[in-house]
Amino acid sequence: MTQGEFFQNYLSKMAASTAYQCGNAHEFSLEKVAYRPDSKLNGKKIGFLGSSITYGAFSKGVSFVDYLQAIDGISAVKSAISGTTLAGKGQSGYLARLKAEITPQKPYDLLVCQLSTNDLR
């Protein structure tokens, strides 16, 4: 079994776990945060490129990106796939998604690239 296959098998088991199914506790829900219209980020278009942390693994897809949208009013493009790497050359790798989803034809105020422990492979 390759490392990639091992990791995908592990992610499948995690997704079926009770902890994953519960997601975030209610006190951390997006409905509990307050919007700050005076935020310096308000209205900024930000691209987020990453893996499980950017996606929001274990919180049913809710991550820091979603909190920035709710609190600071950013316009976000969240390109995140669990288990991917910056070095990956496949269609789901960072570079392929950067070229396809976060292109110069779509102007952004900022790009956030989450490098993760997946890159240790």
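The following paragraphs lead through the structure from its overall form to selected residues.

The structure is a predicted model, in which local features need pLDDT of at least 70 and side-chain atom pairs count only at pLDDT 80 or more, whereas totals for chains, interfaces and linings use all residues. Residues are numbered from 1 along each chain as its sequence is written, and side-chain values use heavy atoms, with hydrogens and water left out.

The chain contains 5 helices and 3 strands; helices (H or I, at least four residues) and strands (E, at least two) are DSSP runs, numbered from the N terminus. Along the sequence these elements follow the pattern α-α-β-α-α-β-α-β. Taken along the principal axes, the C-alpha atoms fill a box of roughly 50 × 40 × 20 Å. The accessible surface of the chain comes to about 7,700 Å², and 60% of this area belongs to carbon and sulfur atoms. Such areas come from the Shrake-Rupley method with a 1.4 Å probe; for residues, only the protein chains shown count as cover.

Of the 121 residues, 31% count as buried. Buried means under 20% relative accessible area, exposed means over 50%, and partly exposed lies in between (1.4 Å probe, protein chains only). A contact means heavy atoms within 4.5 Å. Among contacts between residues at least 6 apart in sequence, 72% join residues at least 24 apart.

The charged side chains may be considered next. The chain has 13 positive and 9 negative side chains, and the centres of the two sets lie 5 Å apart. In this count, Lys and Arg are positive and Asp and Glu negative, while His and the chain ends are not counted. The place of a charge is taken as NZ of Lys, CZ of Arg, CG of Asp or CD of Glu.

Helix H4 covers residues 64-72, and its buried residues are Val-65, Asp-66 and Asp-72. What do the buried residues of H4 pack against? They pack against S1, H3 and strand S2 (75-80). H4 is followed by Gly-73, whose phi is positive, near 70 degrees.

How many salt bridges does a search of the whole structure find? The search finds 2; a salt bridge is a side-chain nitrogen of Lys or Arg within 4 Å of a carboxyl oxygen of Asp or Glu. One joins the side chains of Asp-72 and Arg-36, at 2.5 Å from N to O. Asp-72 lies in helix H4 and Arg-36 in the loop between helix H2 (18-22) and S1, so this pair ties together parts that are 36 residues apart in sequence. Asp-72 is buried, with a relative accessible area of 5%, whereas Arg-36 is partly exposed at 43%.

In another salt bridge, the side chains of Lys-78 and Asp-66 meet at 2.8 Å, N to O. Because Lys-78 lies in strand S2 and Asp-66 in helix H4, the pair ties together parts that are 12 residues apart in sequence. Lys-78 is partly exposed, with a relative accessible area of 29%, while Asp-66 counts as buried at 16% relative accessibility.

Strand S3 (residues 110-113) includes Cys-113 and Leu-110. Leu-110 counts as partly exposed at 43% relative accessibility. Leaving out residues up to four places away in sequence, Leu-110 touches Lys-45, Ile-46 and Gly-47. The C-alpha atoms of Leu-110 and Lys-45 are separated by 6.8 Å, although the two residues are 65 residues apart along the chain. Cys-113 is partly exposed as well, with a relative accessible area of 36%. The C-alpha atoms of Cys-113 and Ile-71, which are 42 residues apart along the chain, are separated by 20 Å.

Two further residues may be set side by side: is each of them buried or exposed? Ser-51 stands in the loop between strand S1 (45-50) and helix H3 (52-55). Ser-51 counts as buried because its relative accessibility is 0%. Beyond its neighbours within four places in sequence, Ser-51 has contacts that include Ala-80, Tyr-94, Gln-114 and Asn-118. Met-1, by contrast, is found in the segment before helix H1 (3-15) and counts as exposed at 73% relative accessibility. Together with Phe-6 and Tyr-10, Met-1 forms a nonpolar patch on the surface, with about 400 Å² of accessible area. Patches are made of residues with over 30% relative accessible area and no salt bridge: like charges are joined within 9 Å, and nonpolar side chains (Val, Leu, Ile, Met, Phe, Trp, Tyr) within 5 Å.
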